[in-house]
Amino acid sequence: MKIAVLGGGNGSFAAAGDLALAGHEVWLWRRNPGDVEAHRAQGGTITVIDRAGRRDARLAAITPSMAEAVEAADLILCPAPAFAQPAIAKLAAPHLRSGQVVFLPPGTFGSYIFARAARDAGNHAEIATAETGTLPWLARKQGPYAVRISGRGARLPTGVFPSRLARHALDVIGRAFPNAIEPCGDALSGALMNAGPIIHPPLITMNAGPIEHFDKWDIHKEGTQPAIRRVTDALDAERIAIREALGYRGPHFPLADHYSRDGEPWMYARDAHEQLTDSGDWSERLVLTEHRYMLEDLRLGLSFLASVGDLAGVQTPLVKAFLAIGSAVTGENLAATGRTLSSLGLGNLDRAALQNLLAEGFR
């Protein structure tokens, strides 16, 4: 299968390397032509480091041309941070064609942004866009052309826009992630599976002191303490209450399962948290005003949750509290500059109209 991977960060490198090693034809799009030339000169490979050792994955091509990357691709994978989605979607929109599937892991409702970008570009192709609850890889780049993968997604609850195209979309995505994709309904359901806005805002705000004091700090190993875990569970309960109020059925993939040795398996394998902390890759310098945990997960993810909670009639005191704390840290009104149903042009829709759009798309 031909797969286009968009971006040059941790997730994109993990995706491109892993999927190439699995035998797919992978085209990697990188925005900066200088980075593309340097990567080509290095040999056009990505070194994947995991439990199996070090393996060089050869990519079919590395290109700064979006048209070249997505042409004839069956699956277009965009693991870039949510704040990069609008610009990437605009570049991709004219080149998408009927039958293609765009997959955002995770999405923060970016599946709608890609679909709308195609419509706004006058592209009326029958495109399915989809998103899941987490990046399918626990990964960090190791230099410019290597990536270490500490864990892989085992269960990926995935929603599709429009949901009438779900069968085709899930079939295509499942060819890249065999036995891992679990249908969870429409794209909003997929967006409400996103774990990033639940796990990261408490970890960065409640650990702000040590994060800014030490040169490096591991929020997952040194910062995940019982008091913070209790807050995380309470924040996650607000997410699940929104899902239930909108009529979405379980499993809701509570984050507590990620840390548990018993019960229902979460999105990663049972020992994924230990693999992550043992790797040492998450002992890193975090600049709170610049890091994607703040600008993506807190600003975009929690503002989106708050707006959907308002639509569903669900109180979200912790969601709004962390938005207020993040706003104080950054000096920016994150609730106003984030991603909401209104900012996406959907603020005038009631629940019935939104559900119809999610099912049928723009036709």
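Biologist: Is Arg-152 buried, exposed or partly exposed?
Modeller: The model is predicted, and the accessibility is computed from it. Arg-152 has a relative accessible area of 32%. Buried would need a value under 20%, and exposed one over 50%. The class is therefore partly exposed.

Biologist: Which residue meets Arg-152 in a salt bridge at 2.8 Å, N to O?
Modeller: Side chains of opposite charge can pair when their charged atoms come close. The N to O distance of 2.8 Å falls within the 4 Å cut-off. The partner of Arg-152 is Asp-18.

Biologist: How many residues apart in sequence are the parts that Asp-18 and Arg-152 tie together?
Modeller: The two side chains meet in a salt bridge. Asp-18 lies in helix H1 (residues 10-21) and Arg-152 in strand S10 (residues 146-152), so the pair ties together parts of the chain whose separation is 134 residues.

Biologist: What is the relative accessible area of Asp-18, and which residues are linked with Asp-18 in a network of salt bridges?
Modeller: Asp-18 is buried, at 15% relative accessible area. The network of salt bridges holds Asp-18 and Arg-152, and it also takes in Asp-50 and Arg-55.

Biologist: Which residue forms a salt bridge with Arg-140?
Modeller: The closest N and O atoms of this pair are 3.2 Å apart. The pair links distant parts of the chain, with Arg-140 in strand S9 (residues 137-141) and its partner in strand S14 (residues 283-284), 144 residues apart. Both residues are buried. The partner is Glu-284.

Biologist: Which strand holds Glu-182, the salt-bridge partner of Arg-155?
Modeller: The side chains of Arg-155 and Glu-182 meet at 2.6 Å, N to O. Arg-155 is buried at 13% relative accessible area, whereas Glu-182 is partly exposed at 24%.

Biologist: Which are the edge strands of the open sheet?
Modeller: The sheet has 8 strands in the order S5-S2-S1-S6-S7-S8-S11-S12, with mixed pairing. An edge strand pairs on one side only, and this holds for strand S5 (61-63) and strand S12 (181-186). On average, neighbouring strands are turned by 25° against each other, direction ignored. The edge strands are S5 and S12.

Biologist: Which residue in S2 stands opposite Val-5?
Modeller: Strand S1 (residues 2-6) pairs with strand S2 (residues 25-29) in the parallel sense, over 5 bridges. The residue opposite Val-5 is Leu-28.

Biologist: How many disulfides does a search of the whole structure find?
Modeller: Cys-78 is in no disulfide, and the nearest cysteine sulfur, in Cys-184, is 18 Å away. That is too far for a bond, because a disulfide needs sulfur atoms within 2.5 Å. Cys-78 is buried at 0% relative accessible area, and Cys-184 is buried at 15%. The number of disulfides is 0.

Biologist: How far apart are the end C-alpha atoms of residues 183-329?
Modeller: UniProt, in an unreviewed entry, lists these residues as "domain: Opine dehydrogenase". The span is 60% helix and 5% strand. Its end C-alpha atoms are separated by 37 Å.

Biologist: What is the distance between the end C-alpha atoms over residues 3-104?
Modeller: The unreviewed UniProt entry annotates residues 3-104 as "domain: Ketopantoate reductase N-terminal". Here the chain is 34% helix and 30% strand. The end C-alpha atoms lie apart by 13 Å.

Conventions: Residues numbered from 1 in each chain as written. Predicted model: local features only at pLDDT ≥ 70, side-chain atom pairs only at ≥ 80, totals over all residues. Heavy atoms only, no water. Pairing = 2+ DSSP bridges. Helix = DSSP H or I, 4+ residues; strand = E, 2+ residues; numbered from the N terminus. Axes fitted to C-alpha atoms, helices over the stretch in contact; angles between N-to-C directions. UniProt positions renumbered as here; feature names shortened; annotations may be inferred. Buried < 20%, exposed > 50% of the residue type's maximum accessible area, 1.4 Å probe, protein only.
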